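Work through the exercises below with the sequence and coordinates at hand. Each task is followed by a stepwise solution.

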Amino acid sequence: MSIDWQLAATIGKKVARPGPVTTGYTLTAAREELASSAVAAEAPVREVTGLADGLPVPTARILDRGGWIEAATRSMSAMLDADDEGSKPGISGRLAGVQAGGLLALLSGAILGQYDPFTPDPESGNDGVLMLVTPNIIAVERALHVVPSDFRLWVCLHEVTHRVQFSANPWLRDYMSSNVESLTAENGESSSEMVGRISAALKNGQQREKGIVGAMQLLQSPEQYEAFSRMMMLGTLLEGHADHVMDAVGPAKVPTVDRIRSAFDKRRTRPQNPVQRVLRALLGMDAKLAQYIRGKAFVDEVVGTVGMTRFNAIWTGPETMPLPAEIEQPQLWIDRVL
């Protein structure tokens, strides 16, 4: 099915909530500082990670919520509908576009920054672009009562780490793309076969993960769930590595880093009302939070045990990616790979 991504962008921009009220001067100053912070973060991130040495430093795209929605739809269209290029979406595609637009409108108020490996950089033409969403960063720094310039650089340290990860390891993009293709491919399973498989799993008491991960394990075919698990492990590694680097660089570059980290972690784990909890579950945000926590603990332990240079063997290829059990017990990864 070809999703109507143009309709998704139109709907998303119409229903997205406006950003915080700011003066033109404040908004312009924030955009300029974010652009300079994205450049300033590159050198210390490269120094700590030992990655991407000598590669050019591209500029970041500084966006509002509508700009992020447009960028997200272009990226997802390229990633999910590559085989349907030129085809006109039907009724089901337009309905899916409406649903996707609503989802993107929700997400557009939560994304601080994002590295998109599938969208070409408008300057270099190379795959990959770093995006920073100005109104969301302003909203969070106000809510946390932190020093704006420090918070903006702190956010950039995390997002620039993602850019460095993909710039230094081009195979990551193809690895992600192939797993997404497996996730979205038709598996030939009929509705009755799927119901039968789910019923058998429930009757047999098959052990499953909690939350949305467990739901995916139940609903997907074994091949799709394997691809989903590989994507989860990759996401856990990328986010955990970025958080590790952020904290490693932070004390030297961000004077109020301890205050920012404490306030930000409290915000991540604060109690939610019932509606927010449902939305978080549906959007997989709790799984995303778990990726940050588990991934950082994994990277912290491995780097603390063997150092960053030997840790970087993890970027060799798909075979050196951590397995689910190794995320929980990093020594297993050390024993297998190093």
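A residue counts as buried under 20% relative accessible area, as exposed over 50%, and as partly exposed in between, with a 1.4 Å probe and protein chains only. The model is predicted: local features need pLDDT of at least 70, side-chain atom pairs count only at pLDDT 80 or more, and totals for chains, interfaces and linings use all residues. Residues are numbered from 1 along each chain as its sequence is written, and side-chain values use heavy atoms, with hydrogens and water left out.

**Exercise 1.** Classify both partners of the salt bridge between Lys-13 and Glu-70 by accessibility, and locate them.

Step 1. A salt bridge requires a side-chain nitrogen of Lys or Arg within 4 Å of a carboxyl oxygen of Asp or Glu. For Lys-13 and Glu-70, the closest N and O atoms are 2.4 Å apart.

Step 2. Helices are DSSP runs of H or I with at least four residues, numbered from the N terminus. Lys-13 belongs to α1 (residues 5-15) and Glu-70 to α4 (residues 65-80), so the bridge ties together parts 57 residues apart in sequence.

Step 3. Lys-13 has a relative accessible area of 38% and is partly exposed. Glu-70, at 31%, is partly exposed.

**Exercise 2.** Are Arg-46 and Glu-42, which form a salt bridge, buried or exposed?

Step 1. The N to O distance of this pair is 3.0 Å. Both residues lie in α3, four residues apart, about one turn of the helix.

Step 2. Arg-46 has 14% relative accessibility and is buried. Glu-42, at 3%, is buried.

Step 3. Other buried residues of α3 (residues 42-49) include Pro-44, Val-45 and Thr-49. Their cover includes α2, α7, α11 and α15.

**Exercise 3.** Describe how α2 and α3 pack.

Step 1. Their axes, lines fitted to C-alpha atoms over the stretch in contact, are compared by angles from 0 to 180 degrees between N-to-C directions. The angle is about 30° and the axes are 4 Å apart.

Step 2. Angles under 35 degrees count as roughly parallel, over 145 as roughly antiparallel, 65 to 115 as roughly perpendicular and the rest as oblique. The two helices, α2 and α3, are therefore roughly parallel.

Step 3. With contact meaning heavy atoms within 4.5 Å, Ala-38, Val-39 and Ala-40 of α2 meet Glu-42, Ala-43 and Pro-44 of α3.
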